[in-house]
Amino acid sequence: MTHEPTVARGDAPGWMGDMAQLGARPGFLIRRLHQIHVALFAEECGVFGITPVQYSIMCVAQARPGLDQSELTQEVGVDRATLANVLARLEKRALVRRERTTRDRRLKRVYLTETGAALLEEMAEPARRAHARTIAALTGADRDAFLDALTRLVIAGNEYGRAPMRIG
């Protein structure tokens, strides 16, 4: 189901009025869009009991099996403590497995299990819908320009993130 915006920016009561500065702040708008995406993801994928961060980690574990946890933090852009916590929850559900390396017992490599792969396959379409719904108000060139701008902003500000991503 696609929801069309009912008002344009500045047309909603209270949107610009006394709160003009708030509605013009990129950080506020990005945080609000993130909240909206998380809600849409939950609506589409809630039955699976997987969060957007868990989904991202599982997708990377499938695409790049055997990354160690440090490498995985750089691929997904989450800090080590968060990653370890999320992996423990995924491992408890038998969606991923962690294996210590023989050369360095401190390192744990991460693999998606068959159960995890099956869940990702089942989630593919609902997750795609959630992502599409997040930007459904944009079409064609506007959508491409928005995604391009987001990508450039993430790359430009990557070093300021709590957990910088490996880019490139």
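Me: Which residues does leucine 87 touch, not counting residues up to four places away in sequence?
Reply: This is a predicted model, in which local features need pLDDT of at least 70 and side-chain atom pairs count only at pLDDT 80 or more, while totals for chains, interfaces and linings use all residues. Residues are numbered from 1 along each chain as its sequence is written, and side-chain values use heavy atoms, with hydrogens and water left out. Contact means heavy atoms within 4.5 Å. With residues up to four places away set aside, leucine 87 touches Ile57, Gln69, Leu72, Val96, Arg98 and Val110.

Me: Is leucine 87 buried or exposed?
Reply: Leucine 87 sits in helix 5; helices (H or I, at least four residues) and strands (E, at least two) are DSSP runs, numbered from the N terminus. Relative accessible area sets the class: under 20% is buried, over 50% exposed, and in between partly exposed (1.4 Å probe, protein chains only). Because its relative accessible area is 0%, leucine 87 counts as buried.

Me: How far apart in space are leucine 87 and isoleucine 57, C-alpha to C-alpha?
Reply: Isoleucine 57 is among the residues that leucine 87 touches. The two are 30 residues apart in sequence. In space, C-alpha to C-alpha, leucine 87 and isoleucine 57 are separated by 8.3 Å.

Me: Why does glutamine 69 count as buried?
Reply: Glutamine 69 is placed in helix 4. Beyond four places in sequence, it touches Leu83, Ala84, Leu87, Arg98, Lys108 and Val110. Glutamine 69 counts as buried because its relative accessibility is 18%.

Me: At what angle do the axes of helix 3 and helix 4 cross?
Reply: Axes are lines fitted to C-alpha atoms, for helices over the stretch in contact, and angles run from 0 to 180 degrees between N-to-C directions. The axes of helix 3 and helix 4 come within 10 Å. They cross at roughly 120 degrees.

Me: Which residues of helix 3 and helix 4 make the contact?
Reply: By class, this contact has four nonpolar, one polar and one charged residues. Here Ala, Val, Leu, Ile, Met, Phe, Trp, Tyr, Cys and Pro count as nonpolar, Asp, Glu, Lys and Arg as charged, and the others, Gly among them, as polar. Helix 3 supplies Ser56, Ile57 and Val60, and helix 4 supplies Leu72, Glu75 and Val76.

Me: How much space lies in the largest pocket?
Reply: On a 1 Å grid over the protein atoms alone, a pocket is an open set of points where a 1.4 Å probe fits, with protein on both sides within 12 Å along at least five of seven lines; lining residues have an atom within 4 Å of a point. Grid points are joined across faces, edges and corners, and a volume is the space filled by probe spheres set on the points. For the largest pocket, the volume is about 1400 Å³.

Me: Which lining residues are the closest to the centre of the largest pocket?
Reply: The lining of the largest pocket has 19 nonpolar, 10 polar and four charged residues. Of the 33 lining residues, the closest to the centre are Ile30, His34, His37, Leu150 and Val154.

Me: Which residues is proline 126 in contact with, leaving aside its neighbours within four places in sequence?
Reply: Proline 126 is placed in helix 6, and it counts as buried because its relative accessibility is 9%. Alanine 42 is 84 residues from proline 126 in sequence and 9.8 Å from it in space, C-alpha to C-alpha. Apart from neighbours within four places, proline 126 is in contact with Glu44, Cys45 and Phe48.

Me: What is phi of alanine 94 near?
Reply: Alanine 94 lies in the loop between helix 5 (80-92) and strand 2 (96-100). Its relative accessibility is 39%, so alanine 94 counts as partly exposed. Phi has a positive value here, in a residue other than glycine, and is near 60 degrees.
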